[in-house]
Amino acid sequence: MPLFGHLLLTLFLLLAFTAQAEERRPVYIGLDGEFGLINSTSAQAIEKGIRIALHEINAAGGVLRERPLKLLTRDNRSVPARGKENIRQFAQVKDLVAVIGGRFSPVILEELALVHRLGIVLLDPWGAADGITDHGHQPSYSFRLSLKDSYAMPVMLQHARSKGAKRVGILVPNTGWGRSSAKAAQRLQKLQSDISILKPVWYNWGEKEMLRHYLALQDAGADAIIMVANDIEGSVLVRQLEQVEADKRLPIISHWGVTGGKMVENSGPLLNELDFSVVQSFSLFNAEPDKRDQVMTIARELFNINTIEEVASPVGLGHAYDLTHILARAVDIAGSTNRNAIRDALERVKDYRGLTGNYPRPFSAENHDAMKPEQVFMARYRKDGAIVPLSEIPTIE
């Protein structure tokens, strides 16, 4: 072959190899989670959900013509300033298409202005504050597949009503999440005539004396308490309720922050003696069996998780799994790693059948909340620590 022919062949092979390498360069997802928070299990559950989804997506060919999806993680320790710095770092990563957030609404709320200034897609698999998606930023770059406070509060209030409660106390943290929950309760009070919602009692994160707030609501005449708390403060209250006579302990109807950490281990045996329930939006116990088995097979392979009872913080795993699959579809619809195009494409994903439910159109220009109010239910901790829907307890225990 003449020298010129050799040069052309070499150039052709080099271009082909370069094109193939370009096609297979990773596409990145960021996870901004509370990994360093003591006793927390939520960020780890979210990461597991993402990695199970990535295992499936990459085994099926990845995105954008066989480019693998890869996960990058950063720890915000539940501190908003750290979360904002993580967003800045993620924004500089080439071919990073979105950031998935962690459990804490206050962190995500503080990140929103920066997220929209940088034009980076933020996916929420846990934070429940209404303002995470209900805000004035246009176009919106925040998308949620998770519970909302305005969905949770009616279900918790109805559960209080089912127990015959007439006066319901509200115990809330002095944070964006607490204020969101209190506002949701206030809106409901205007629509309710058969039940009275007492003035909220506020507490601060990290408080060591939670019983006094409980007793203040009890003294105000509450016959049930809706508690908005994470596992740290929730377990403190449960332990301190040992000081209250058993027949004077009120039903506690908890928001789901308590399920994001080692609530059972830190509460002690009294937790199972209390009338203690918790709101949820997803459970492996009543998930579609074939989909659940598919996910658990990979969980067993990747994490040596053999039963659904072993899954800590299951809502984090389920929501993150589905969000990752929806994101992968949006990347392929966008046809590139351009974040603006992916933001637009997320509003065009259709007919997604997932682990947490089926979503004919997860997101639209008018609505960035994939979940619906009818997906919300009440659950409780079983003696083995599993979080079980109330409707399932008679057949499982």
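This is a predicted model: local features need pLDDT of at least 70, side-chain atom pairs count only at pLDDT 80 or more; totals for chains, interfaces and linings use all residues.
## The parallel sheet

Five strands make up an open sheet whose order is S2-S1-S3-S4-S5, and the pairing within this sheet is parallel. The edges are taken by strand S2 (69-75) and by S5, each of which has a single partner strand, so one side of each is left without a neighbour in the sheet. From one strand to the next the twist averages 25°.

Strand S1 (residues 27-33) pairs on one side with S2, in the parallel sense and over 7 bridges, and among these contacts Gly 33 has Asp 75 in S2 as its bridge partner. Most of S1 is covered, with 6 of its 7 residues buried.

Strand S3 (residues 96-100) is largely enclosed by the rest of the structure, because 5 of its 5 residues are buried. Its pairing with S4 is again parallel and rests on 2 bridges, with Ile 100 having Leu 123 in S4 as its bridge partner and Val 99 standing opposite Leu 122 in S4. Together with helix H4 (residues 105-118), the strands S3 and S4 make a right-handed β-α-β unit.

Helix H5 (residues 149-162) consists of 14 residues and reaches 20 Å from its first C-alpha to its last, which is close to the 20 Å expected at 1.5 Å a residue. Just after H5, the chain passes through Gly 164, which takes a positive phi of about 85°.

Helix H8 (residues 231-240) is mostly covered, with 8 of its 10 residues buried. These buried residues are Asp 231, Glu 233, Gly 234, Ser 235, Val 236, Leu 237, Val 238 and Gln 240.

## Aromatic pairs and charges over rings

A pair of aromatic rings is described by the distance of the centres and the angle of the planes. The structure holds 3 aromatic pairs, and one of them is formed by Trp 126 and Trp 256, a tilted pair with 5.4 Å from centre to centre and 45° between the planes. This pair links distant parts of the chain, 130 residues apart, as Trp 126 belongs to the loop between strand S4 (122-124) and strand S5 (142-144), while Trp 256 belongs to the loop between strand S10 (252-254) and helix H9 (263-267). Both Trp 126 and Trp 256 are buried.

Another pair is edge-to-face, because the rings of Phe 143 and Phe 363 have their planes at 75°, with the centres 5.1 Å apart. Phe 143 lies in strand S5, whereas Phe 363 lies in the loop between strand S13 (358-359) and strand S14 (377-381), so the pair ties together parts that are 220 residues apart in sequence. Both of these phenylalanines, Phe 143 and Phe 363, are buried.

Two charged residues lie over aromatic faces. Lys 48 lies over the face of Phe 303, at 5.5 Å from the ring centre, and Arg 343 lies over the face of Tyr 141, at 5.8 Å from the ring centre.

## Backbone details in the loops

The peptide bond that leads from Gln 138 to Pro 139 is cis, with omega near -10°, and Pro 139 is found in the loop between S4 and S5.

Positive phi values also occur in residues that are not glycine, one of them being Glu 66, with a phi of about 75°, in the loop between H2 and S2. Arg 77 has a phi near 55° and lies in the loop between S2 and helix H3 (80-91); its relative accessibility is 44%, so Arg 77 counts as partly exposed.

Note on methods. Residues are numbered from 1 along each chain as its sequence is written. Side-chain values use heavy atoms; hydrogens and water are left out. Helices (H or I, at least four residues) and strands (E, at least two) are DSSP runs, numbered from the N terminus. The expected span of a helix is 1.5 Å times one less than its number of residues. Rings of Phe, Tyr and Trp (its six-membered ring) pair if their centres lie within 6.5 Å; planes under 30 degrees apart count as stacked, over 60 as edge-to-face and the rest as tilted. Buried means under 20% relative accessible area, exposed over 50%, partly exposed in between (1.4 Å probe, protein chains only). A charge sits over a ring if NZ of Lys or CZ of Arg is within 6 Å of the ring centre and within 35 degrees of the ring normal. Two strands pair if DSSP finds at least two bridges between them. A crossover is right-handed if, with the strands pointing away from the viewer, the path from the first strand over the helix to the second runs clockwise. Axes are lines fitted to C-alpha atoms, for helices over the stretch in contact, and angles run from 0 to 180 degrees between N-to-C directions.
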